[in-house]
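Welcome! Have a look at the fold below, and then we will walk through its sheet, its helices and its core.

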Amino acid sequence: SSASSLVHAVLAVEGMHCASCVGRVEGAMLAVPGVANASVNLAWNEGSVDFDPRKVELPQILAAVASAGYTARAAGQAATADDFSRPMLK
């Protein structure tokens, strides 16, 4: 399936303050050719995007968010929200 070729990225998004901001950020990402899915969490100032790396690169997606008036950057790969919500296992 083509889904297996998608890359998943988590973004830190700054400048959102309401639900319509979320819609604008999601819309900006979804408008980029090669982006399959995009979702934004206002409370965490976080977005996630699935894209086809053969069609688009992450900097192009970040630029689309910037053109919508928001700041986005790739969230740290070492630590994600999931890492902090799981108890540490010894």
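Six bridges link strand S2 to strand S3 (residues 46–51), and these two strands run antiparallel. This is a predicted model, where local features need pLDDT of at least 70 and side-chain atom pairs count only at pLDDT 80 or more, while totals for chains, interfaces and linings use all residues. Residues are numbered from 1 along each chain as its sequence is written, and side-chain values use heavy atoms, leaving out hydrogens and water.

**The sheet**
- Helices (H or I, at least four residues) and strands (E, at least two) are DSSP runs, numbered from the N terminus.
- Two strands pair if DSSP finds at least two bridges between them.
- The open sheet has four strands in the order S2-S3-S1-S4, with antiparallel pairing.
- Its edge strands, S2 (35–41) and S4 (71–74), each pair on one side only.

**The helices**
- Helix H1 (residues 19–30) packs on the sheet and touches strand S1 (7–14), S2 and S3; contact means heavy atoms within 4.5 Å.
- Helix H2 (residues 58–67) lies across S1, S2, S3 and S4.

**The core**
- A nonpolar core is a set of buried (under 20% relative accessible area, 1.4 Å probe, protein chains only) Ala, Val, Leu, Ile, Met, Phe, Trp, Tyr and Cys residues joined through side-chain atoms within 4.5 Å.
- The largest one has 22 residues, and Met 16, Val 25, Met 29, Val 49, Phe 51, Leu 58 and Ile 61 touch the most other members.
- H2 gives the most to this core, with five residues.
- Beyond its neighbours within four places in sequence, Ile 61 contacts residues including Met 29, Val 49 and Phe 51.

Note on methods:
Axes are lines fitted to C-alpha atoms, for helices over the stretch in contact, and angles run from 0 to 180 degrees between N-to-C directions. Buried means under 20% relative accessible area, exposed over 50%, partly exposed in between (1.4 Å probe, protein chains only).
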